[in-house]
Amino acid sequence: LKSARHPYKAFCLARSPMVMTLDEPDQKTQDELEKHFGTSVAKGLTGKQAEEILARDGPNELEKPPKPTLLMLFILQLTGFVIVLLLVAALASITVNATGPNKNDILSYTTGKAIFVIVILNAGIAAWTEHKAGDALEALSKMTQASIFVLRDGHEVKVDVPDVVRGDVVLLGTGDVVPADMRLVEADDVKVSEMALTGEPDDVAKTAKLKVKKPGEPEKLTPENMVFSGCSVTNGKGKGIVCETGMSTRIGRIAQLIAGGDEGGPKKKCGCLPDTSGNATPLQQNLEK
């Protein structure tokens, strides 16, 4: 995740166009939240409701696209425009010297050989670096716990985190990892570590109070009455209504950016090779145009 360098700030206001998405849940009252999600803070969802929402929205987990092999990444590095030019130049240099008067002089091939060696080394280093950077997605997917307590049919039940759905009323306590993006409706001295999202090392105090936004005031990065998937509860206990799950959460948006886009799946390049254009430098992007 270090390679992302706080990507949350680049897209924190974005919203995924999925069913039941609620804009600015931090600005909604408890009654508005209950009405929108068809839930109750006192009883939670019914088992039938939860099953229907889970079938519609899918499991509450991050999508992990197939990780390219090191060999595939190495081959991909050789398809860049600049690299192809260098390879052509090296081949041209060797061809010219092989057909010239000094074709028997091994030193005349130095330029072509040097270009080939540099290109291969550069491709190898770049492929290895990108291969290791891909571990960030794996790290994001591990930023959760196996199960969490929610209210279903008026009872506290322990459910698997992938089965948490929008509208669920989740019970949080010290040591829990927030399973989804949630609007707090009860908060007893709750503090959360948001380092995964903002890079902020200090714990952030949370409240269930609604703070009305003034006209023209921008949306806060991390509202005081919201907690986000992947963040750890370091103090207190609380209760919240789930507003976003899976790839629609803010940590899910980070995963999409790391994966190289917002399309929801890995793009392809050259038929079987993955598209890593999201990691290209500005110079590479201009040259590809």
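Leu85 lies in helix α5, which spans residues 81-98; helices (H or I, at least four residues) and strands (E, at least two) are DSSP runs, numbered from the N terminus. The structure is a predicted model, in which local features need pLDDT of at least 70 and side-chain atom pairs count only at pLDDT 80 or more, whereas totals for chains, interfaces and linings use all residues. Residues are numbered from 1 along each chain as its sequence is written, and side-chain values use heavy atoms, with hydrogens and water left out.

With a relative accessible area of 48%, Leu85 is partly exposed; this class falls between buried (under 20% relative accessible area) and exposed (over 50%), computed with a 1.4 Å probe and protein chains only. Leu85 also belongs to a nonpolar surface patch together with Phe81, Val82 and Leu86, and the four residues have about 330 Å² of accessible area together. Accessible areas come from the Shrake-Rupley method with a 1.4 Å probe, and for residues only the protein chains shown count as cover. Patches are made of residues with over 30% relative accessible area and no salt bridge, like charges being joined within 9 Å and nonpolar side chains (Val, Leu, Ile, Met, Phe, Trp, Tyr) within 5 Å. A salt bridge is a side-chain nitrogen of Lys or Arg within 4 Å of a carboxyl oxygen of Asp or Glu.

Leu76, in helix α4 (residues 70-77), is buried, with a relative accessible area of 5%. The C-alpha atom of Leu76 is separated by 8.2 Å from that of Ala127, a residue 51 positions away along the chain.

Strand β4 (residues 181-193) pairs in the antiparallel sense with strand β7 (residues 232-244) over ten bridges, two strands being paired if DSSP finds at least two bridges between them. Within this pairing, Met182 stands opposite Val242 of β7. Strand β4 also runs antiparallel to strand β6 (residues 226-227), to which two bridges join it; here Arg183 has Met226 as its bridge partner. A further two bridges link β4 to strand β5 (residues 204-205), again antiparallel, and Lys191 is placed opposite Ala205 in β5.

Overall, the protein has ten helices and nine strands. Of its 289 residues, 38% count as buried. The protein exposes about 15900 Å², of which carbon and sulfur atoms supply 59%. Among contacts (heavy atoms within 4.5 Å) between residues at least 6 apart in sequence, 70% join residues at least 24 apart.
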